[in-house]
Amino acid sequence: VTKITAIAFGIASTLFAQLGDKQLRQPLADNWYHYNGSYDSRRHSELKQVHTGNVSSLVPSWMFHVPNAARMQSVPVVSNGVMYVSQENEVYALNARTGRQLWEYHRVPAIQRAPNRGVAVWGDKVYFTTSDDYLIALNAATGNIIWESKFADFKEGYCSPAAPLIVKGKVIVGVAFGDRGLNGILDALDATTGEILWSFHAIPKPGEAGNETWAGDSWKAAGGDTWLTGSYDPELNLVYWPIGNPSPDFNGDVRLGDNLYTESVVALDLDTGKLKWYFQFTPHDTMDWDAVQIPMLIDAVYDGKPRKLLAHADRNGFYYLLDRETGKFLHGSQFARKLNWASGLTPNGKPIRVPGIEPSLKGTKICPNSYGATNWISPAYNPDTGLVYFVALEGCGVASKNTETFRPGGFQYRATGDVPVPDETSRMFVRAIDMRTGEFKWEQERASAHNWGGGLLSTAGGLVFSADYEGQFSAMDTRSGKTLWHFNTGQRLNAGPITYSLNGKQYVALCAGSDVISFALFDKK
Amino acid sequence: LQTYPSVRALLWLLAICIASPAQVVKPRNPLGNGLDVVAQGHELYNKSCTACHGRDGTQGDRAPALGAARRYFRLSEAAIFDGIKTGIPGTAMPASGLPDPDVWRIVAYIRNIRSTASDNDVPGDVQNGFGVYRGKGGCSSCHMIRGRGGLLGPDLSSVGTQLTLEQIKSSLTHASPPQAGFVPVEATTLSGEVIKGVTKNEDAFSIDILDSQGKLHLFTKDELRSVAHQPESLMPHNFDKTLTPSEFQDLVAMLSRQARIKVHKEQQGENEVGR
C-alpha cells in the first residue's frame with residue numbers, strides 16, 4: 001500500500017478543475033461550454049483568428065472516428081482543453097488540441113431509440129441523458145460514473161435526445177416524442193445529487209391555467225415535448241424552452257382549442273420552474289410545426305431603447321421578436337415565400353388563418369409542409385451585422401387527417417401526415433434577415449432539400465459556418481453570404497459546428513457523420 | 001416532430017419488439033449451481049468429455065476449449081444442456097447418453113468455468129469487505145465504486161462481472177503490467193516541471209496524464225523534456241500478506257458482488273446471471 005500513498009494522497013478530496021457558474025455565463029470565446037455555446041444561444045463566438053481574409057487556409061487539424069456512429073447530431077462541448085462528444089448512450093472525451101481519446105463511456109443496458117445531441121459540463125462532472133431517460137453524471141477527467149437518476153419512463157415511450165442545460169447547479173432535461181401522445185415535461189435535477197427539484201408540465205392538468213385550451217380529455221395524450229436545449233438569462237433568472245407539437249399531429253378535431261403550451265416558447269423561473277410567461281406561435285397547430293427552434297436571447301436597442309429580446313424563426317414560416325422580460329410580441333414577419341395557411345399576424349402576433357387550409361380527409365395543399373419552414377438545427381445571430389442566420393425550407397405538402405386513436409406505450413399518434421406536392425420542388429437555403437425588421441439580406445441555397453443537414457455558427461471573424469447534408473462544410477461572409485471556403489467531409493452532416501481556442505490557436509469543429517473533425521489555419525511549421 | 005425520419009422505421013421495430021409477448025423463461029438447472037454440483041460436474045466432465053475436449057475445459061485434440069471468461073461467449077444453461085443432450089448439428093459434437101441429472105452437473109461445471117466472479121457465491125462478509133476496501137486496504141484512494149473513491153485506478157463498480165474470481169484474487173496478490181489508461185508515468189516539461197500520474201492517452205506526438213490530484217495535463221511531446229514510464233502497475237499486490245485471511249476473504253467477497261450489468265442480462269433471458 002505504501003507504494004501508492006505518495007501518488008494517490010488526497011485524490012478523494014481534490015478533483016478535476018472545477019468549472020464554476022461564472023465561467024458558464026461567459027460570452028462565447030475560448031471554450032464552448034453549452035450545446036448552444038452560451039446561455040444566450042446566439043452561437044456567435046468572439047474568436048476572430050480565422051477571418052474572411054484567411055479562411056481559405058482552413059485545413060483539418062485532426063479527426064476522431066466514433067466507432068459505430070452514424071449521422072451524429074452531437075454538438076461538441078469544449079472545457080479545460082477537453083472536448084466531449086456523445087452519441088446515443090455513449091460519451092467520448094478527447095484532447096481538443098489533438099483529437100486523442102482520453103476516455104469513453106458506454107451505457108449498459110443501452111436502449112436504442114434516438115440520437116443524442118450532446119452533453120453538459122459543470123464542476124468536475126459531465127452530464128448526459130440516455131434513451132432510457134436517465135441523467136448520467138460522469139467524472140470529467142476519467143468518465144467514471146458518479147450517479148444516474150431516472151426522470152421519465154422509457155416504457156411509456158419517452159426518450160431524451162437533447163443535451164441538458166446546466167445553470168447554477170440545476171441540470172435541466174427534456175423529453176421526446178410528441179408524436180406519440182406523450183405529454184412533455186421539463187425537469188430540473190440537482191447537479192450534485194441527481195434529485196428532481198422541479199418539473200414543468202408542458203400540458204396543464206385540470207385546475208391549472210391553460211387546461212381549458214384542450215377540449216374534453218384531449219389534454220391527456222397531448223404531446224408538447226421538450227426535445228431541444230433552451231436558453232437562460234442570468235439577470236432575469238429565466239429559462240426559455242421551446243415546446244413541441246400537439247398530438248395527434250394532424251387531426252385537430254379531437255383537441256379543439258389553442259392547445260397550450262404546445263407550439264410555444266415558455267419562460268420559467270430557474271429556482272421554482274414556475275411559468276413566468278409564454279408565447280404561442282401556432283395556436284391549435286395541425287401541421288406538426290413544433291416550435292422547437294433554439295430561442296436566441298439578444299440585448300439591443302429596439303424602438304429607441306435598450307431591450308431584452310428573444311428572436312425566433314418558426315416552422316410556421318414567420319419570424320418573431322419578443323420582449324423576453326414579459327413575453328410581449330414586438331415584431332413578426334413572414335420569411336417563408338411559400339406560405340398559404342395564414343394571411344399575416346395580428347398586432348399581438350397571432351396568425352390570421354386562411355379558412356380551409358388545414359389537413360382534410362381528402363388532402364389539402366399546405367405551405368410550409370410538415371417539415372416546417374425551418375427546424376431544430378441551430379440558427380445564429382451576429383451582433384456586428386445585426387443579422388439572424390437560419391436554415392429555411394421552401395416546400396409545400398398535401399396534408400390529410402384521419403381518426404387514429406391514442407394507444408399507450410409510445411406508439412405513433414399522428415392521425416396521418418403530408419406528402420410533398422408532386423409538381424413543386426422543395427428548396428433549402430441558409431438565410432440572413434435583419435434581427436429587428438425581418439428584412440431579407442441574403443440567402444445561399446443548399447444543394448439538397450431532402451434533409452436539413454447541420455446548423456450554423458457565427459464568428460467575429462465575419463464568418464457564418466454551415467454544415468449541409470451533402471457533406472460540405474462551408475464558411476460564408478456574414479455580410480454578403482458569399483462562400484469563402486468549403487470542405488467535403490465525405491459524410492452526411494446533421495450537427496451544428498462550434499469554435500474554440502487553445503494555446504492561441506482557433507479551431508472550428510463539428511461531428512461529421514461518424515467522425516469528429518477539427519479545423520485550424522494551415523501552420524507552415 | 002420531424003427530426004429523425006430515417007430512424008422512424010427502427011423505432012417502429014422497437015415498438016413492435018416492446019409490444020411482443022414476454023420472453024419464454026428458459027428451463028434452469030434443477031440441481032442448482034452450488035460448488036458441490038460444480039465439483040461433481042467437473043469430475044463427470046473429465047471422465048465423459050475428454051475423448052475430444054481437453055481436461056478441465058481446455059482445448060482437446062478434436063474439440064475446442066470450453067472455458068472462456070468473456071461473458072458473451074456464454075450460453076444459457078438450457079442451451080448448454082441441449083448441446084450435450086442432443087449434440088450440435090453440423091459439428092462432431094454427439095448426443096450424450098448420460099442421464100439428465102449428470103448432464104445438468106456438467107452444465108453447472110461448464111457455466112462455472114465460463115463465469116465471472118459475480119456468478120459465484122463467494123463466502124465472506126461483504127460489509128466488512130467494504131470496510132477493508134475503504135480502510136486498511138486503502139483501495140478507495142485510487143479506485144471508485146458507485147461514484148465514491150479515487151480516479152487513478154480503474155472504476156470497480158462492475159468488477160464482479162468483468163473479472164473471474166481467480167483474476168480478482170490474482171490482482172490482489174500478484175504483480176501485473178498496468179492496463180492501458182493506467183500506465184504510471186513521470187513527465188518533465190521544458191521548464192523543468194515534473195508531472196506524475198497515469199497516461200490516459202499516448203501516441204508518438206502527444207501524451208495526456210491524469211495526476212494524483214485528478215487533474216488532466218494535456219501535452220504534445222515537443223512540450224516535454226522527458227517521459228519516463230514505469231513498467232509496473234501502481235496496484236499493490238501483497239494483500240494476502242497485509243490483510244488477515246478473513247479480511248482478504250471479505251474484500252474478495254465484496255469485489256465479486258460489484259455488478260451494474262444485472263438488468264441487461266435479465267432482459268436477455270439469462271436471469272440466473274449476475275446480481
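Modeller: Strands here are DSSP runs of E with at least two residues, and helices are runs of H or I with at least four residues, numbered from the N terminus. This is a predicted model, where local features need pLDDT of at least 70. Residues are numbered from 1 along each chain as its sequence is written.

Biologist: In which loop is A:D303 found?
Modeller: Start with the backbone. A:D303 is not glycine, yet its phi is positive, near 55°. Its place in chain A is the loop between β19 and β20 (305-313).

Biologist: Is A:D303 buried or exposed?
Modeller: Buried means under 20% relative accessible area, exposed over 50%, and partly exposed in between (1.4 Å probe, protein chains only). A:D303 has a relative accessible area of 68%, so this residue is exposed.

Biologist: Why does A:H284 count as buried?
Modeller: A:H284 lies in the loop between β18 (275-280) and β19 (296-302) of chain A. Its phi is also positive, near 50°, in a residue other than glycine. A:H284 counts as buried because its relative accessibility is 17%.

Biologist: What is omega for the cis peptide bond that joins A:A176 and A:F177?
Modeller: Look in chain A between β12 (170-174) and β13 (185-190), where the loop holds A:F177. The bond from A:A176 to A:F177 is cis, with omega about 5°.

Biologist: Which residue does a cis peptide bond join to A:P368?
Modeller: A:P368 sits in the chain A loop between β25 (364-366) and β26 (380-382). Omega of the cis bond is about -5°. The residue joined to A:P368 is A:C367.

Notes:
Chains are lettered from A and ligands numbered from 1 in the order in which they are written. This is a predicted model: local features need pLDDT of at least 70, side-chain atom pairs count only at pLDDT 80 or more; totals for chains, interfaces and linings use all residues. Side-chain values use heavy atoms; hydrogens and water are left out.
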